[in-house]
Amino acid sequence: MRLDNSRESNNIEDRRGQRMTGARRGKVGLGAIVLALVAIYFGVDPNVVLQNMVEPTDTEASYNGSGPTAQPTAETRFVSKVLADTEDAWDAIFQQQGWGAYQQPKLVLFSGATPTACGTGQSAMGPFYCPGDSKVYLDLSFFQQMAQELKSPGDFAQAYVIAHEVGHHVQHLAGVTTQIDQMRRRVSPAEANQLSVKVELQADCFAGVWAKHSDTQRATLEQGDIEEALNAATAIGDDRLQQQSQGYVVPDSFTHGTSAQRVRWFTRGFKSGDPAQCDTFKATSL
């Protein structure tokens with residue numbers, strides 16, 4: 001990915017090396033259960049996730065800012081440049097679509113665990129977006145897991161992950177997140193899972209839209225980049241993860257979509273460059 005001459009974002013919040021104080025109490029949400037399943041794949045005790053990823057009912061948890069100051073690295077600069085690229089792309093898209101000004105999210109780099117408006121975030125959860133504070137959370141160790149455990153190396157595979165989480169921010173700004181959360185409370189668990197799949201596939205499609213705009217405006221893509229993204233999308237499909245972790249798949253429990261679905265919707269976003277083509281909720285087939 002060609003980002004050598006790209007700017008870095010001003011929206012990076014680096015908490016690496018900072019210690020948490022206190023604890024956040026509340027109830028376990030659907031997202032915690034989903035993330036616990038992912039934790040199982042990575043060999044992490046899911047109880048750790050379920051005990052810490054809670055819906056906020058108080059705000060005791062915080063980080064005290066103590067500890068060694070993390071120094072910028074080539075990896076953190078890359079993350080900052082990718083975030084800046086998503087900012088430029090979505091700024092332009094929002095303007096083109098007449099959606100008003102794009103409100104840029106913060107991206108929090110952390111190590112181990114960190115407080116969020118959605119509960120305590122942990123490395124085992126992988127990257128995630130919290131609509132409560134409009135922030136993307138990322139422990140850089142996830143990129144090593146992608147390369148080593150998921151067999152999905154490459155800079156554009158990493159950029160795809162960031163763009164997917166930014167896609168959730170776009171959904172939040174569009175009101176999709178609130179609407180779907182309300183719908184989940186009125187349907188069965190299987191139907192709620194299906195709604196989650198549509199949310200995730202739309203974020204994949206938005207990641208493809210970003211990639212198209214980035215390359216069109218700034219010629220950022222190199223040969224093999226899209227293949228890296230598709231490989232990553234394949235690696236984190238629900239069917240692929242379940243097959244690898246437990247030897248069989250349970251479609252009713254899918255929350256992110258199959259490998260084929262994730263590839264299909266990223267590709268749809270990339271080929272069209274049009275966020276209107278990402279309406280997974282009206283699609284007759286995913």
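The legends below describe close-up views of a predicted model.

**Conventions for the views.** In this predicted model, local features need pLDDT of at least 70 and side-chain atom pairs count only at pLDDT 80 or more, whereas totals for chains, interfaces and linings use all residues. Residues are numbered from 1 along each chain as its sequence is written, and side-chain values use heavy atoms, with hydrogens and water left out.

**View 1. The protein as a whole.** The protein has ten helices and ten strands, where helices (H or I, at least four residues) and strands (E, at least two) are DSSP runs numbered from the N terminus. Of its 286 residues, 50% count as buried; here buried means under 20% relative accessible area, exposed means over 50%, and partly exposed lies in between, with a 1.4 Å probe and protein chains only. Among contacts between residues at least 6 apart in sequence, 76% join residues at least 24 apart, a contact being heavy atoms within 4.5 Å.

**View 2. The open sheet of four strands.** The strand order is E1-E6-E10-E9, with mixed pairing, and two strands are taken to pair if DSSP finds at least two bridges between them. The edge strands, each pairing on one side only, are E1 and E9 (128–130), and the twist averages 25° from one strand to the next. Strand E1 (residues 12–14) runs parallel to strand E6 (residues 106–109) and is joined to it by three bridges, with aspartate 14 opposite leucine 109 in E6. E6 is in turn joined to E10 by four bridges, again in parallel, and lysine 106 stands opposite lysine 135 in E10. E9 and E10, by contrast, pair in the antiparallel sense over three bridges, and tyrosine 129 has valine 136 of E10 as its bridge partner.

View 3. H3 lies across E1, E6 and E10 and runs at about 165° to E6, while H5 lies across E6, E9 and E10 and runs at about 25° to E9. Axes are lines fitted to C-alpha atoms, for helices over the stretch in contact, and angles run from 0 to 180 degrees between N-to-C directions. With a relative accessible area of 23%, serine 134 is partly exposed.

View 4. In H4 (residues 141–148), the buried residues are Phe142, Phe143, Gln145 and Met146. Because these residues cover an arc of only 155° around the axis, they lie on the same side of H4; the arc is that of the directions from the helix axis to the C-beta atoms. They pack against helix H3 (74–97), strand E10 (135–138), helix H5 (155–174) and helix H8 (225–235). Glutamine 158, in helix H5, counts as buried at 17% relative accessibility, and, not counting residues up to four places away in sequence, glutamine 158 touches Phe78, Phe143 and Met146. Lysine 151, in the loop between H4 and H5, has a positive phi of about 55° although it is not a glycine, and lysine 151 is exposed, with a relative accessible area of 59%.

**View 5. The packing of H5 with H7.** H5 and helix H7 (residues 189–218) pack at an angle of about 115°, with their axes 7 Å apart. The residues making this contact include Phe156, Tyr160 and His164 of H5 together with Val199, Phe206 and Trp210 of H7. By class, the contact has eleven nonpolar, five polar and two charged residues, where Ala, Val, Leu, Ile, Met, Phe, Trp, Tyr, Cys and Pro count as nonpolar, Asp, Glu, Lys and Arg as charged, and the others, Gly among them, as polar.

**View 6. Leucine 201 in its setting.** Leucine 201 lies in helix H7 and counts as buried, at 0% relative accessibility. Leaving aside neighbours within four places in sequence, leucine 201 is in contact with His256, Gly257, Gln261, Arg262, Trp265, Thr280 and Leu286. The C-alpha atoms of leucine 201 and glycine 167 are separated by 9.9 Å, the two residues being 34 residues apart along the chain.
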